Amino acid sequence: MGLGWSEYSNVRDPGAIPAPAGRPVRQVRPRRPPVDGRSRPHRRTWQHGGVTAATPFPSFPSGTGGSDGPADAVLQGLDPEQREVATTLRGPVCVLAGAGTGKTRAITHRIAYGVRSGQLAPASVLAVTFTNRAAGEMRGRLRALGAGGVQARTFHSAALRQLQYFWPRAIGGEPPRLVERKVQLVAEAGARCGIRLDRGELRDATGEIEWAKATQTVPADYPAAARKAGREAPRDPAEIAQLYGMYEQLKRDRVLIDFEDVLLLTVGILQDRHDIAEQVRSQYQHFVVDEYQDVSPLQQRLLELWLGDRDSLCVVGDAGQTIYSFTGATPDHLLDFRRRYPHATVVRLVRDYRSTPQVVHLANGLLAQASGRAADHRLELVSQREPGPDPVYAEYADEPAEAEGTAARIRDLIAAGVPAGEIAVLFRINAQSEVYEQALADAGVPYRLRGAERFFERAEVQRALLALRGAARSAGNDPLLDDVVELGAQVRAVLGSTGWSPEPPAGSGAVREQWESLAALVRLAEDFARARPGATLADLAVELEERRAAQHAPTVQGVTLASLHAAKGLEWDAVFLVGLTDGMLPITYAKTDEQVEEERRLLYVGVTRARHHLTLSWALSRSPGGRPSRVPSRFLNGLRPGSGGRASRPGSGGGAGVERGPARGRARRGPVRCRVCGRTLTEAGEMKLMRCEDCPSDMDEGLYERLRAWRGIQAGRQGLPAYCVFTDKTLMAIAEAAPGEAGELAVIPGVGGRKLDRYGADVLAICAGREPAGGDGADA
């Protein structure tokens, strides 16, 4: 879908106030609070210093929703450092903002204060961030503060609008189409070159091409550049260079561009066409860049071209959260900001409003052990919240036991009142998710995978949006909406016509995921109606279209399963950091000091996602009965109870205060082996079946179907999705084993003591060919 360029149809002078040259540097250095005895001493740099006494962190002040209110109203509730950010509108500003310190609040209030005080014209401001969700959140906050005309976009989105608008004038003709599936094109390039890539190599090769383009490296220069940067290429660098060149050739032949090309081409046009560059600069005169530590050289070059010779720039970042160097991101632009702008104002935000003192203390301790340039400029956070529970350290015998222990803790938290949507399980690589998916399903806990298919690209969501747009156009002529006034009820009625129901389905897998997607749209409509009383279905349709264009998806309920990289920018009441062993965090291929330090920062990001509850866990072996050869992550040495500064020996990672998970009741003395071919099993699904996926099954198909029918009845009676009773894999394992007594049923993975008590009698009856008693086990 093409993007419009209405902002260029009426270019005007916003009357911005220029920054005076030669202005002396100002640094906000609040008074240091009394030391609590737990903070580690550290070298004092220009980022460091103390803060005044804790201040409350209220939500947006009331009465600031319109642009006609006093400008000072948007300053209410800001702490002294946030207020300094909000009121410093001239010249370059560098905001060093630690995790949870309210950086988005500070910069959105800064923009709103400038707009409402008449110092910034809304159309002259471009706020840039790195994710569609962050940009959508920023636009929402700016609208609420009376600055709705400000553009808030990602680098790629802003560049794409400019490229599409100026292409006919700069190049001629229609702009090229964007590559829809880059991996497929890379695979085709590999085939053309005679380079066969497996799935993992294909993904990594695509990442190498993206890195090369972000660092402005052409195919011929890739091998030398990769060696200099210490890249671990998935294949010989010469092969990657050949693959990269063929990929570029295929794009040229088919008149395609990718997202990296969007930045490269926009940079090229602005460099070569001074008239176009001046038109852009006359439109946008003030810039705000969030997550500045993640800027790549190519993005920095684009920003410089946008700015020209001006310095009306506010950047926000934290070198301690630099975790994307593999994409070409570097904190150097943030750390060198004062060198480029000697008269810049530097403001440090270190008051942490997100996490308890216990979580903040651990986060500070992690970075206190770091080394390197980013560590030299670390920010020491000061929690503004009431004390909470200490972080929990848990050691398990094997990965399935760790997953089951994590699921049990999550079930307890939910029972104690913590919403499932406020809980996250974070891991280093996506391959770790399967065993946690299985454990949560077995525990009857709903979950969602972050980083899966984009919300607005799902077929059921597209059908729902089409139905909602149709209902909005028909207004009062739609019989579905007769006598339905409230917006949430209207949405439920429209989605009901597409097959959605208020109660979740008994099925699992895709059926449940589709229901959750539509339920998220209902919740979004209800939230929208509360925020905008009197809003109509047409208003909601506009909001949804804006979100779709920005890929700003609503929240789907359930425990979040995500990689540490995908968790950046998010937060939860309870966070479980799992699989924390040397070799996984830091990852095995982190060889250099710089790479290891980035792994430490990745763990720091994970820790700072937690508001209240934080659990850190590891397993001594991969599979049940395996040799306990693993050790806890070296990053926890000196932080977890009972650990010193050196790596602990295998099996000694517990120490005082570290919980050890109970031995799994079905653990075996040796490795889990396939009962058909004898191969050692390592995948969670295979261990549940007790055989390789591709080994022949001796499952009783009739028994399996009877178990499935019984499961559907149970799920319907209890209002649960079917997988919360038993997963398909567990039913298959039962149908293959055909247990005759409780002991035989208990050792099948996915059963466990709780489900044995609740469903055991029924399952054994079905296996024996009898009718089950039919009870739903509610009283068990």
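This is a predicted model: local features need pLDDT of at least 70, side-chain atom pairs count only at pLDDT 80 or more; totals for chains, interfaces and linings use all residues.
Among contacts between residues at least 6 apart in sequence, 76% join residues at least 24 apart.

- Most residues other than glycine have a negative phi, and most peptide bonds are trans.
- Against that background, look at L585 and P586, which are joined by a cis peptide bond with omega of about 5 degrees.
- E291 is not a glycine, yet its phi is positive, at about 50 degrees. You can find E291 in the loop between strand 7 (286-289) and helix 11 (297-307).
- E291 has a relative accessibility of 12%, so it counts as buried, the cut-off being under 20%.
- A738 is another residue other than glycine with a positive phi, near 45 degrees. A738 sits in the loop between helix 25 (728-737) and helix 26 (742-746).

**Aromatic pairs**

- A search of the whole structure finds ten aromatic pairs.
- In one of them, the ring centres of F337 and Y341 are 4.9 Å apart and the planes meet at 40 degrees, so this pair is tilted. The label follows because planes under 30 degrees apart count as stacked and those over 60 as edge-to-face, with the rest called tilted.
- Both partners are buried: F337 has a relative accessible area of 0%, and Y341 comes to 15%.
- W710 and Y759 make an edge-to-face pair, with 5.6 Å from centre to centre and 85 degrees between the planes.
- That pair links distant parts of the chain, since W710 belongs to helix 24 (residues 701-718) and Y759 to helix 27 (residues 752-767), 49 residues apart.
- W710 is buried at 5% relative accessibility, and Y759 is buried at 2%.
- Ring pairs also join F130, F155, F287 and W306 into a cluster.

**Helix 7 and its buried face**

- Which residues of helix 7 (residues 222-229) are buried? They are Y222, P223 and A226.
- Viewed down the axis of helix 7, these buried residues fall within an arc of 100 degrees, so they line one face of the helix.
- The buried residues of helix 7 pack against helix 6 (199-214) and helix 8 (237-254).
- After helix 7 comes G230, with a positive phi near 70 degrees.

**An annotated binding site**

- An unreviewed UniProt entry carries the annotation "binding site" for A97, G98, A99, G100, T101, G102, K103 and T104.
- A99 is in the loop between strand 2 (93-97) and helix 2 (103-116), and A99 is buried, with a relative accessible area of 4%.
- Leaving aside neighbours within four places in sequence, A99 is in contact with D318, Q321, D352, R354, L381, T608 and R609.
- T101 also lies in the loop between strand 2 and helix 2, and T101 counts as buried at 1% relative accessibility.
- Not counting residues up to four places away in sequence, T101 touches Q82, L349, V350, R351, D352, Y353 and L381.

**Cavities**

- The count comes to seven cavities of 30 Å³ or more.
- The second largest cavity holds about 60 Å³ of space.
- Its lining is made of G320, L367, A370, S371, A374, A375, R378, E597 and R601. Helix 15 (373-376) and helix 22 (593-607) are the elements that give two or more residues to this lining.

**A buried proline in a loop**

- Where is P391 found? P391 lies in the loop between strand 11 (382-383) and strand 12 (392-398).
- P391 counts as buried at 17% relative accessibility.
- The C-alpha atoms of P391 and V359 are separated by 6.7 Å, although these residues are 32 residues apart along the chain.
- Not counting residues up to four places away in sequence, P391 touches Q358, L362, L614 and L616.

Conventions:
Residues are numbered from 1 along each chain as its sequence is written. Side-chain values use heavy atoms; hydrogens and water are left out. Rings of Phe, Tyr and Trp (its six-membered ring) pair if their centres lie within 6.5 Å; planes under 30 degrees apart count as stacked, over 60 as edge-to-face and the rest as tilted. Buried means under 20% relative accessible area, exposed over 50%, partly exposed in between (1.4 Å probe, protein chains only). Helices (H or I, at least four residues) and strands (E, at least two) are DSSP runs, numbered from the N terminus. The arc is that of the directions from the helix axis to the C-beta atoms. Contact means heavy atoms within 4.5 Å. UniProt positions are given in the numbering used here, feature names are shortened, and annotations may be inferred rather than shown by experiment. On a 1 Å grid over the protein atoms alone, a cavity is a set of points where a 1.4 Å probe fits but cannot get out, and a pocket is an open set with protein on both sides within 12 Å along at least five of seven lines; lining residues have an atom within 4 Å of a point. Grid points are joined across faces, edges and corners, and a volume is the space filled by probe spheres set on the points.
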